[in-house]
Amino acid sequence: MKDSYGRTIDYMRISITDRCNLRCKYCMPYGVDCVEPRNILTFEEIWAIAICGAGLGIRHVKVTGGEPLVRKDCCQLIQMLKSIPGIEKVTLTTNGVLLERYLEPLLKAGVDGINISLDTRNRNMYEEITGSDCLEAVLRGIRLASESGIPVKVNAVSIDFEEGPGCSWKSVAELAREYPVDVRFIEMMPIGYGRNFKTINHQVLLEEMEKEYPGLCRDDRPHGFGPAVYYQIPGFQGSIGLISAIHGKFCENCNRVRLTSQGYLKTCLCFEDGVNLREVLREGQAESETGSGHWKWRYQSCPGETMLQERLAEAMSQAILRKPAAHCFETPGRITEMRNMVDIGG
């Protein structure tokens with residue numbers, strides 16, 4: 001469907017958990033509380049929302065967290081989403097720590113692509129950022145995923161670490177020389193704990209890249225469904241992408257909505273606006289908890305599933321029609337979203 005500004009909304013990011021096995025300082029540092037499991041959407045509820053989204057024109061789904069692979073049966077959910085008529089691509093964003101263990105099940109489930117978050121290749125800096133000494137596991141995951149033939153992207157948040165030799169953006173960019181992966185640098189967004197960190201201006205970063213790699217040129221080939229601007233470097237197997245929310249605003253072409261793990265549909269990362277789909281899903285349902293604390297609810301056996309889909313469609317379409325024209329990250333005082341990124345979803 002289209003929003004009120006004529007933009008086609010065909011991409012939904014779905015957070016399936018607010019839990020993570022890392023403690024990145026700008027996302028989920030130590031001391032952050034997780035929500036009660038009963039307030040997290042069940043897979044059946046996520047599936048119901050995705051079915052409704054497909055009916056409204058959602059074609060591409062990104063599964064995120066937290067860290068999605070810490071949730072039991074994540075691969076099963078990938079398979080469920082892949083079975084929905086109208087959904088063309090289902091991809092996953094992970095920190096890569098558990099990727100070696102789950103790569104084969106993910107491929108069997110039909111995942112169409114994997115994004116791996118990695119901000120630095122310096123072991124000390126990685127541990128400083130994440131609170132864990134897992135860099136080697138992540139690098140193995142990148143290598144194995146790239147060898148599988150599935151499209152792989154490496155996402156690096158452009159934090160101004162004031163870092164020393166070996167911590168620079170170049171060491172991460174070089175992954176695209178070593179492997180057939182796209183490396184994307186993402187400006188730090190001033191949301192949650194991210195407000196406490198300074199981003200690298202991508203206009204400056206691009207100038208540095210042009211000096212370091214004189215043959216760098218624009219790459220206009222399709223690389224996915226997001227807002228990255230890509231560049232090719234001679235001798236590199238993959239491309240380099242820049243996602244510049246602050247210094248390269250791309251809102252006029254925004255095609256996405258976000259579903260939090262608690263069922264809140266957000267239409268813009270910058271603002272608190274949206275709709276609570278969990279309330280729609282659980283309206284009139286008796287709270288019957290399973291041993292894990294999740295709601296015991298099965299969409300397929302729900303006697304009013306047609307009416308439920310109608311209510312979901314109305315709530316989702318109205319929220320999308322109210323999608324703002326643009327974010328305001330460049331003027332932080334106007335941001336109304338006060339939650340942390342881990343509560344919203346990556």
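## Starting with a crossing

Which hand does the crossing of α1 and α10 have? The crossing of these two helices, α1 and α10, is right-handed. Keep in mind that what you are looking at is a predicted model.

Here is how the pair sits. Helix α10 covers residues 305–321, and α1 packs with α10 at an angle of about 65 degrees, the two axes being 10 Å apart. On the α1 side, the contact is made by Ala-48, Ile-49, Ile-51, Cys-52, Gly-53 and Leu-56, while α10 brings Gln-309, Leu-312, Ala-313, Met-316 and Ser-317. Sort the residues of this α1 and α10 contact by class and you get eight nonpolar, three polar and no charged.

## The whole chain

Now for a step back. The protein chain has 11 helices and 12 strands. It is made of 346 residues, and 56% of them count as buried. The chain exposes about 15,200 Å², with carbon and sulfur atoms supplying 49% of that area.

What about contacts along the sequence? Take the contacts in the protein chain with a separation of 6 or more: 73% of them are between residues 24 or more positions apart.

## α1 and its other partner, α2

Back to α1, which runs over residues 43–56, and on to helix α2, at residues 74–82. These two pack at an angle of about 25 degrees, and their axes are 10 Å apart. Angles under 35 degrees count as roughly parallel, so α1 and α2 are roughly parallel to each other. As for handedness, α1 passes α2 in a right-handed crossing.

Who touches whom? From α1 come Phe-43, Glu-44, Ile-46, Trp-47 and Ala-50, and they meet Cys-74, Leu-77, Met-80 and Leu-81 in α2. By class, the contact of α1 with α2 counts eight nonpolar residues, no polar ones and one charged.

Several residues of α2 are buried: Cys-74, Cys-75, Leu-77, Ile-78, Met-80 and Leu-81. The buried residues of α2 pack against α1, and also against β2 (60–64), β3 (89–94) and α3 (99–109).

Follow the chain into the loop between α2 and β3 and you find Ile-84. Is Ile-84 buried or exposed? Buried means under 20% relative accessible area, and Ile-84, at 4% relative accessibility, therefore counts as buried. Setting aside neighbours within four places in sequence, Ile-84 is in contact with Trp-47, Ala-50, Ile-51 and Ala-54. Ala-54 and Ile-84 are 30 residues apart along the chain, yet their C-alpha atoms are separated by 7.6 Å.

Ser-146 belongs to helix α5, residues 135–148. Its relative accessible area is 9%, so Ser-146 is buried. Which residues does Ser-146 contact, leaving aside its neighbours within four places in sequence? They are Val-152, Tyr-179, Pro-180 and Val-181.

Arg-282 sits in helix α9, which spans residues 277–282. With a relative accessible area of 10%, Arg-282 is buried.

Key
Residues numbered from 1 in each chain as written. Predicted model: local features only at pLDDT ≥ 70, side-chain atom pairs only at ≥ 80, totals over all residues. Heavy atoms only, no water. Axes fitted to C-alpha atoms, helices over the stretch in contact; angles between N-to-C directions. Helix = DSSP H or I, 4+ residues; strand = E, 2+ residues; numbered from the N terminus. Parallel < 35°, antiparallel > 145°, perpendicular 65-115°, else oblique. Left-handed = near helix turned anticlockwise from the far one by under 90°. Contact = heavy atoms within 4.5 Å. Nonpolar A, V, L, I, M, F, W, Y, C, P; charged D, E, K, R; others polar. Buried < 20%, exposed > 50% of the residue type's maximum accessible area, 1.4 Å probe, protein only. Areas by Shrake-Rupley, 256 points an atom, 1.4 Å probe, with all protein chains shown as cover.
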